[in-house]
Amino acid sequence: MRKMPLNTPTPAHSARGLAGQGVKHDSAWKHVSGQARYIDDLPMPEALLHAAVGHSEQAHARILSMDLEAVRNYPGVVAVITAKDVPGDLDIGPVFPGDPVLADDIVEHIGQPIFAVAATSHDAARKAARLASVEYQPLDAVVTVKQALDQQLFVRPSHTQQRGEPDRALAEAPNRLRGEQQVGGQEHFYLEGQACLAEPTEDGGMFVHTSSQHPSEVQKLVAEVLGLPIHEVQAEVRRMGGGFGGKETQAAPLACVAALLAHATGRPVKYRLSRADDMVQTGKRHDFYNTYDIGFDDDGLIRGADIMVAGRCGYSPDLSDAIVDRAMFHADNAYYLDQARVVGHRCKTHTVSNTAFRGFGGPQGMMIIEKAMDDIARHLGRDPLDVRKLNLYRPGRDTTHYGQTVEQHVLEELMENLEASSDYRRRRAEVTSFNRTSPVLKRGLALTPVKFGISFTAKHLNQAGALVHIYTDGSIVVNHGGTEMGQGLYIKVAQVVASAFQVDLARVKVSAARTDKVSNTSPTAASSGSDLNGMAALDACEKILEGLVAFAAKHWSTPPEQISFSDNQVMVGGLAVPWETFIQAAYMNRVPLWSSGFYATPKIHYDPETGTGRPFLYYANGAACSEVVVDTLTGEYRVVRTDILHDVGRSLNPEIDIGQIEGGFVQGMGWLTTEELVYSDEGRLLTTGPATYKIPAVSDCPPDLRVTLLPESPNREATVFHSKAVGEPPLMLSIAVWSALRDAVASITDYRYSPPLDTPATPERVLSAVTASQHWLARQKEIA
Amino acid sequence: MIEFVLNGRTEKVDQIDPNLSILEWLRTKMRLTGTKEGCASGDCGACTVITGTPGQQGNIRYEAINSCISLIGSLHGKELITVDAFRQEPGHPVQRAMMEQHGAQCGFCTPGIVMSLVALHANKEDTVPDDHRLLEALSGNLCRCTGYRPIIEAGRQALVQEWAPEAQHPAASLGRARDGGDEATIHQDSITLNSPEGPRYNAPVSLDELRTLRREFPESRLVAGSTDLALEITQQLKTLDHMISVERVEELKSCRQQGDELVIGAAATYQQFRAALSALWPAFDPMLERLGSLQIRNRGTLGGNIANASPIGDMPPPLMALGATLVLDGPDGERRLPLEDFFHGYKQTDLKPGEFVHSVRVPAPRANEQLHIYKVSKRLDDDISAVLGAFRLTVDNGVVADCRLAFGGMAATPARAPGAEAALKGQPWNNNSVTAAITALASDFSPLTDARASAGYRLQVAGNLLRRALLASTSSETLMVTDYA
């Protein structure tokens with residue numbers, strides 16, 4: 001048996017576009033010429049109807065009556081449905097129950113759909129949906145994390161991870177600090193809002209075009225609400241106009257509503273959300289309330305930690321169990337906590353059910369330990385970078401508070417390299433001296449690491465399937481369970497396939513994810529897209545190659561070990577057979593030219609009872625150094641420079657990876673700075689569009705942004721070509737910006753006071769930190 | 001009926017609801033789906049298209065605009081160029097650079113970004129636009145995937161390349177933009193757009209016609225750039241029964257010096273009056289760069305910003321600080337009043353039925369006068385102000401001889417701060433008097449807490465902006481993050 005090119009580097013002279021090369025996105029031309037089709041761009045089927053829903057105007061209430069006459073009578077309306085019209089299951093909770101597709105009796109957040117309309121135009125459906133008169137009996141509403149904590153109102157049980165005796169370690173530590181923080185949520189703001197198109201099939205089933213990261217879940221839930229076996233429903237995802245976690249579970253409710261209306265009318269139904277409806281009706285990143293109690297020695301080395309993370313889950317579990325778990329798994333970020341307890345709460349509130357968002361709770365968990373690092377440094381009068389480096393995992397101090405051993409120690413060297421390449425020490429001195437004389441503007445600098453666990457913490461999701469077809473002209477199609485949302489998954493997997501056969505990338509075409517091609521797929525999430533689907537595609541290629549080699553050995557009477565693939569040819573002994581010729585010959589000799597492939601991530605396990613295990617196959621690592629300038633009169637600020645060094649293992653496509661790193665960093669920066677979700681006391685979201693919800697704009701990109709991939713750092717684990725996941729980890733590089741803002745403000749007190757700075761650190765919160773620092777200084781002077 | 005050129009072909013449109021945006025028309029009537037809807041509120045730029053507007057001298061002005069909040073009727077006599085004009089490879093230098101620099105990830109914002117950059121490319125003169133202009137051109141385009149660095153890089157790359165389209169290219173006219181547009185046909189006619197359902201849209205070209213229409217239909221809604229009005233249609237789902245556009249009335253678009261005053265027509269867009277106003281009062285320039293986005297500034301007008309009487313419009317406070325005069329026109333003829341007397345309450349003005357804003361008369365600087373304009377918002381680009389402070393001071397020998405302090409975001413209307421002004425007048429221009437003025441601000445204003453800022457922040461910042469003005473006029477320190485290099 002011939003050894004396949006699994007986990008070998010790309011040869012120097014080879015076909016074009018193989019794994020490891022920086023090739024452009026497969027849809028690049030279609031993107032720049034407006035020819036890439038998103039759901040709302042698809043040709044409209046005959047008799048198409050458009051959907052809209054009417055939603056709750058109360059955070060928590062009983063529906064006493066619902067008069068839909070005016071809705072029904074609005075010109076163009078064809079059908080109006082309520083919970084009573086759902087033929088199958090009403091509940092579409094993705095993991096745990098709790099999400100009725102249309103609320104029945106009780107509503108639990110403002111924006112919860114209570115009825116749905118199908119009309120002949122998008123405009124008519126939306127206008128009609130506003131005409132219902134609904135009578136509510138208000139019930140007590142809980143809006144914030146703290147209110148839920150006070151009332152012990154949770155969507156899922158709380159969970160604890162503990163190692164050793166943290167209470168004793170804290171009591172005995174030479175120094176001890178306590179702190180608390182609010183970490184804000186985040187709207188995904190994918191530029192393409194949620195959208196789907198449901199078409200009844202001739203068998204009474206449904207075909208759904210959806211903008212979803214999880215077509216198999218769309219398929220399953222649509223089948224369930226219609227009361228059909230899953231095989232009567234199929235879903236297709238060609239691409240999304242951005243996902244970021246917001247289309248993992250949040251696309252399915254739309255698909256279910258569209259399918260219900262299509263089922264009721266027998267006509268195709270398109271359902272897309274306006275921006276405001278999208279922001280009100282769909283889940284966001286959880287905001288958290290976190291506390292720490294940390295003991296440390298006089299150098300800043302942590303001896304013990306007691307950390308609490310509490311996420312606002314909204315009204316239902318959705319994915320919150322796993323999201324708060326991931327916050328707990330990352331409450332250490334890159335640091336050895338020694339004796340430690342981490343407690344996680346899943347707070348129930350009468351707000352929209354919060355959901356996956358790039359990092360999946362990890363970023364919110366990391367924020368508490370990064371706050372602690374700054375606080376310890378200020379307390380001891382040390383540079384925060386030194387405290388961070390001191391506490392890094394290293395051999396001998398390499399087991400996390402949940403029992404996983406950090407096996408590949410990348411961060412110490414990575415941070416040293418970045419410290420040198422960003423010229424941190426010289427700039428530190430320069431910033432400090434600038435701040436002594438500048439009356440209004442203050443500069444801040446911070447260098448922070450990221451260690452992020454890779455694998456779904458729900459073990460069963462760590463599997464993937466793929467299909468590879470070679471046609472008689474040698475052209476290839478690859479299909480897999482992963483979805484394309486801009487991250488470049490399709491081109492990466494195509495590069496893997498091209499590498500397996502050593503043919504030009506141009507010969508490999510990717511095709512839309514479809515539930516009738518690869519079934520029971522996992523969501524494209526948890527940064528796992530290329531790890532899982534790349535390996536499944538490689539498995540399919542290897543199976544085809546096996547047959548091809550056996551065929552060639554027999555056909556040309558050559559020992560299998562003398563058969564190899566390189567540069568669009570098959571070398572059979574001394575004979576070079578062009579790829580097309582070879583494939584034609586294989587076909588004529590009845591050799592299978594297609595195969596499925598499968599992959600299941602090895603080694604991983606976690607026991608929630610004991611709070612220990614190895615939930616992650618490996619960790620992705622990186623660090624960022626950011627410099628900011630802050631206006632102490634208004635709290636306005638700018639990021640002037642950011643240096644990033646990130647570990648992607650052996651990159652499948654360095655250009656795509658750099659795009660993920662830069663994009664993740666800026667998205668994270670938005671989360672921690674200008675993106676503020678404001679709710680009224682009654683639980684109504686007040687920031688319902690880009691006029692009030694401010695994601696980074698072009699001038700927010702640091703004018704000096706230097707991103708480098710950590711060289712010569714293959715993944716120790718047998719991942720696809722020893723690459724590492726890149727989707728989520730870079731988002732947390734942005735913590736450097738938040739820490740740099742605190743650093744700038746800390747200069748007011750000559751770095752003796754660690755100012756409170758909850759997130760998002762809007763100019764208002766930064767000014768409040770400035771004011772707190774000035775008051776601290778005034779108090780010190782009074783004391784002296 | 002209206003007539004315009006879409007990607008090189010003439011379109012005639014009639015019997016259509018004038019509430020329809022250009023974007024809706026493109027996507028639903030023409031099924032040209034290259035142009036995307038991201039927000040339908042003019043804040044994300046996914047819908048960016050280019051319009052070519054014939055000028056008086058036979059030239060055509062090409063501008064990037066938000067098609068989601070621009071009404072179909074506004075297209076009469078113009079050219080409309082969309083991304084669909086660029087479907088043939090190898091494409092425009094902007095498209096090639098965007099691909100080479102990996103400027104698109106999910107691709108949804110990309111057509112809008114391409115069109116913003118194509119507009120900048122078409123308007124480049126002999127010198128290549130610098131980064132400052134490049135960022136300005138992209139200020140209204142949100143991208144959630146890339147973090148912008150590769151887009152900026154693509155812009156730099158494309159701007160040093162030339163584009164020479166063949167004559168039959170659907171956007172060929174763009175390639176001749178700076179040659180003065182030989183094909184420009186100025187439609188000098190007034191038009192009416194009717195829909196079978198009833199809504200109506202008039203676009204007169206003369207002041208007399210406008211007066212007559214306003215007299216006849218005092219309940220009609222005036223529309224200029226529709227950057228605010230269209231939100232009633234796209235966000236509140238209203239149907240406006242009758243709109244009268246002022247954007248084709250040439251007398252309302254002029255911007256000229258008259259004696260000591262600069263007279264800006266109500267229908268002049270921000271981009272049209274920016275240079276002249278900034279030449280007179282340079283403090284306007286950095287503020288105008290942050291007012292909306294370039295797409296908004298290409299459509300939004302001075303008259304619209306004043307007449308919608310929003311407490312957070314950015315033009316009224318500085319114009320009030322300058323003591324500008326508002327000229328109103330209508331059935332009973334012209335009348336003038338100080339701008340500050342125009343605002344009666346939240347969204348309430350002195351406009352009488354049938355009246356409209358004609359122009360604004362801005363006084364020129366006199367000896368020892370200084371003007372400071374400070375806009376504070378969550379995000380630097382394209383954000384509505386939490387607070388805007390505008391201060392005109394006359395400082396003679398270190399003493400504040402006169403001052404007018406006006407604020408946006410501090411009250412139900414743009415408003416002056418009488419207490420703070422009194423605290424400064426006749427006092428030395430120093431820390432003590434500014435501290436006294438800041439104390440007085442707390443009696444002048446009781447601002448609101450809303451999604452943009454808290455009352456406390458607004459009051460604190462309003463005071464600190466006075467401190468900034470003092471520092472700006474007495475020291476050479478860099479005081480604003482936007483000035484920090």
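Reply: Helix α18(A) is mostly covered, since twelve of its twelve residues are buried, where a residue is called buried if 20 or more other C-beta atoms, placed from the backbone, lie within 10 Å of its own, exposed if 12 or fewer do, and partly exposed in between. This is a predicted model, in which local features need pLDDT of at least 70 and side-chain atom pairs count only at pLDDT 80 or more, while totals for chains, interfaces and linings use all residues. Residues are numbered from 1 along each chain as its sequence is written, and chains are lettered from A and ligands numbered from 1 in the order in which they are written. A helix here is a DSSP run of H or I with at least four residues, and a strand is a run of E with at least two, numbered from the N terminus.

Among the buried residues of α18(A) are A:Ile735, A:Trp738, A:Arg742 and A:Asp743. The helix covers residues 735-746 of chain A, and its end C-alpha atoms are 16 Å apart, which agrees with the 16 Å that its twelve residues should span at 1.5 Å a residue, because the expected span is 1.5 Å times one less than the number of residues.

Elsewhere in chain A, the axes of α9 (residues 320-329) and α10 (residues 362-380) come within 7 Å and cross at roughly 35°, the axes being lines fitted to C-alpha atoms over the stretch in contact, with angles from 0 to 180 degrees between N-to-C directions. The contact, for which C-beta atoms placed from the backbone must lie within 7 Å, is made by A:Arg326, A:Ala327 and A:Met328 of α9(A) and A:Gly362, A:Gln364 and A:Gly365 of α10(A).

Between the chains, 69 residues of chain B are in contact with 68 residues of chain A, and α16(B) gives the largest share of chain B's side, seven residues.

Conventions: Two residues are in contact if their C-beta atoms, placed from the backbone, lie within 7 Å.
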